[in-house]
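I opened this entry to look up the core first.

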Amino acid sequence: MKNLILFTAFLLVAAPSFAGGKKGGHHEMGEKMRKELGLSDEQLAQMKEIRQERKSSMKELKTKSKEARQAFQDALANPKTSKEELREKYQTLRTARQASRDARFETMLEVRSILKEEQIVKFQQMKAKWKDKKGHRKG
């Protein structure tokens, strides 16, 4: 699931870079991805379209998750909050988080359908390298 989230988050952030959008760190990473995966102009345009279609709903889901998390934390900090209220707030938080995960998964499926088999394999290899590098920085 963590890889799914990383994959989707990367593609949502990098899609404008693929299409020649933002400059800077994401642009450089987008160019690297474009070259290493051999993405076509059509694929880049499709990714940008997916990102645009999902942008507002993803933002709304993120806001709902943040609000649910804050409501849960507030309830948890209040000594007068009953167990039932805490369970209700926790369930609301879980539901909001799951809705975000589901949306990211659907986005990942859409993006994945754009990639060719060899691009998917290459991307998985790139993710493994990133994971190794990330692990070495922590240690």
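Entry 1, core. I am working from a predicted model. I looked up the largest nonpolar core and found 12 residues in it. I list them here: Met 33, Leu 37, Leu 39, Leu 44, Met 47, Ile 50, Val 111, Ile 114, Leu 115, Ile 120, Phe 123 and Met 126.

I counted 5 helices and 0 strands. Along the sequence I read the pattern α-α-α-α-α. I checked contacts between residues at least 6 apart in sequence, and 72% of them join residues at least 24 apart.

I looked up burial for the 139 residues of the protein: 32% are buried. The accessible surface comes to about 9,700 Å². Carbon and sulfur atoms hold 52% of that surface.

I located Gln 43 in helix α3. Is Gln 43 buried or exposed? I noted 6% relative accessibility for Gln 43. The cut-off for buried is under 20%, so Gln 43 counts as buried. Next I asked which side chain makes a polar contact with the side chain of Gln 43. The partner is the side chain of Gln 119, at 2.6 Å. I also listed what Gln 43 touches, leaving out residues up to four places away in sequence. Gln 43 touches Gly 38, Ile 114, Leu 115, Lys 116 and Gln 119. Two of these names, Ile 114 and Leu 115, I had already written down as core residues.

Conventions: Residues numbered from 1 in each chain as written. Predicted model: local features only at pLDDT ≥ 70, side-chain atom pairs only at ≥ 80, totals over all residues. Heavy atoms only, no water. Helix = DSSP H or I, 4+ residues; strand = E, 2+ residues; numbered from the N terminus. Buried < 20%, exposed > 50% of the residue type's maximum accessible area, 1.4 Å probe, protein only. Contact = heavy atoms within 4.5 Å. Areas by Shrake-Rupley, 256 points an atom, 1.4 Å probe, with all protein chains shown as cover. Core = buried A, V, L, I, M, F, W, Y, C linked by side-chain atoms within 4.5 Å. Polar contact = N/O pair within 3.5 Å; in protein donor to acceptor, adjacent residues only side chain to side chain.
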